[in-house]
Amino acid sequence: LEGSIPVFCAFRVVKFRRTGESSRSEEDGISGEHEVQIEGVRTELEPVELEDGAAVPKEFANPTDDTFMVEDAVEAIGFGKFQWKLSVITGLAWANAMEMMILSILAPQLHCEWRLPSWQVALLTSVVFVGMMSSSTLWGNISDQYGRKTGLKISVLWTLYYGILSGFAPIYSWILVLRGLVGFGIGGVPQSVTLYAEFLPMKARAKCILLIEVFWALGTVFEVLLAVVVMPTLGWRWLLILSALPLLLFAGLCFWLPESARYDVLSGNQEKALATLKRIATENGAPMPLGKLVVSRQEDRGKMRDLFTPHFRWTTLLLWFIWFSNAFSYYGLVLLTTEFFQAGDVCSISSRRQEVKAKCSLTCEYLTEEDYTDLLWTTLSEFPGVLVTLWIIDRIGRKKTMALSFLVFSFCSLLLFLCVGRNVLTVLLFIARAFISGGFQAAYVYTPEVYPTATRALGLGTCSGMARVGALITPFIAQVMLESSVYLTLLVYSGCCLLAALASCFLPIETKGRGLQESSHKEWGQEMVGRGSHSPGESQE
């Protein structure tokens, strides 16, 4: 034929990647590739007709004709320039930790400046968690119904607006309402993890999600350093305004963010998903797979009932308890740390609490330079937590990582029963906070991996909501129960984490080495099985 060229196959070994196999061996999981010897392959294929002088497009460099899914494209394109940019931008959203850390700085300042009683100071903290708890599921539903980018962008802009507005609050009631609205917006920021995870190849997913968690720790450190500079000179109003800087940067850059290609395919926007994948391939300088992008079966998205199907019922219930225990223990330890440091050791805390009760509730103490130093040191403990989790999560798996974190925290809590000195106390609290924060980070890796695209954002949102329930309850244990018995308080935290360790072990699905599940109608690992025709030489496990 005129304008046609014969194509010859010179390859005897073909490498291909299976990203969703459910019965992969450990050896396969390490390399992520299989080699198949093909016997009896025809050396001459049918001619391929091309226009005069036309070259094979770079994005269709794969010499086979097949269909592919979003998972295949993400794995083929790999990690590159696009994901680095995405890491920084989603990390800026995750630095909203500044809005949380400011609570421990703002409360004593307003207690003194506005002469607030203790219960009003406590309410100022609680209202933020109430806002987060009430909105987490809503933001998850919005992200599943209207897109990850949409939900994240609205929640960040909401938090930014009311965060800045809080700096102009004239009276207590105004700042109470405004901080509650800030909490409502913060409830949607975890959706940045959903968007981020859906653009990551399997081998890089756990490490990258953990590394953007570093932005949380950086946000808390930056908030303390900002308070040291701003509070003595400009005051708390400017601190509230300047604390919104990371979110302001995100708002300026978020228009670069693409919508998740997985979400677009699930919602029927095949062309938009393909354009997004080509954009990523271009930025990374990598070829696209050849063939047609497979459109997943369209499903109802963001439906609560899908979290309780027989396949996910136990996973959902166990994850809710794990997230509850994480926040309950993490924020409880933050509150207990202040009490233990001020008392000197655990054995002296009861007598100190009696002295404090005898004082007027309006007695106030401004934060000193030493207080800021203690805040900084306890915050820095989260960096070792990230490093330890980063090292073990792909070695022992997500479930065992969470279980180990809870067990170490529980053991350190029991050791506090001993009348240890301040140095040993500091070491135990440092280790406990490092591991409980590491367990929290492992949960952020596991949860988006275990749910399918149709319910991924909702699943993460409901888990985040349960975490806020734990954060709401923990002050009654770490502060109220502590007045009655320090040992009973420690026993509650230790027992809760032991149960959470068991819950982690009983999770039905281990997501280590797996691709993200696209459809809720497929069992784990079926993303690559049974779709399209298989070549005669292709092996199936």
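Which residues make a nonpolar surface patch of about 330 Å²? In this predicted model, the patch is made by Tyr-161, Leu-165 and Phe-168. Leu-165 sits in helix H6, which covers residues 148-166. With a relative accessible area of 31%, Leu-165 is partly exposed.

A word on confidence comes next. The chain has a mean pLDDT of 75, and 75% of its residues reach 70 or more. Over residues 1-50, though, the pLDDT is below 50, and this stretch still has 82 contacts in the model beyond near neighbours in sequence. Residues 52-65 also have pLDDT below 50, with 15 contacts in the model, again beyond near neighbours in sequence. Where pLDDT is low, the predicted coordinates should not be read in detail.

Now to the aromatic rings. The count comes to 18 aromatic pairs. In one of them, Tyr-161 and Tyr-162 have ring centres 4.9 Å apart and planes at 80°, so this pair is edge-to-face.

Elsewhere, Ser-494 lies in helix H22, residues 486-505. Ser-494 is buried, at 2% relative accessibility. Leaving aside residues up to four places away in sequence, Ser-494 touches Ser-410, Ser-413 and Leu-414.

Methods:
Residues numbered from 1 in each chain as written. Predicted model: local features only at pLDDT ≥ 70, side-chain atom pairs only at ≥ 80, totals over all residues. Heavy atoms only, no water. Patch = residues over 30% accessible without salt bridge, like charges linked within 9 Å, V, L, I, M, F, W, Y side chains within 5 Å. Areas by Shrake-Rupley, 256 points an atom, 1.4 Å probe, with all protein chains shown as cover. Salt bridge = Lys/Arg side-chain N within 4 Å of Asp/Glu carboxyl O. Helix = DSSP H or I, 4+ residues; strand = E, 2+ residues; numbered from the N terminus. Buried < 20%, exposed > 50% of the residue type's maximum accessible area, 1.4 Å probe, protein only. pLDDT = per-residue confidence, 0-100. Contact = heavy atoms within 4.5 Å. Phe/Tyr/Trp six-rings, centres within 6.5 Å; stacked < 30°, edge-to-face > 60°.
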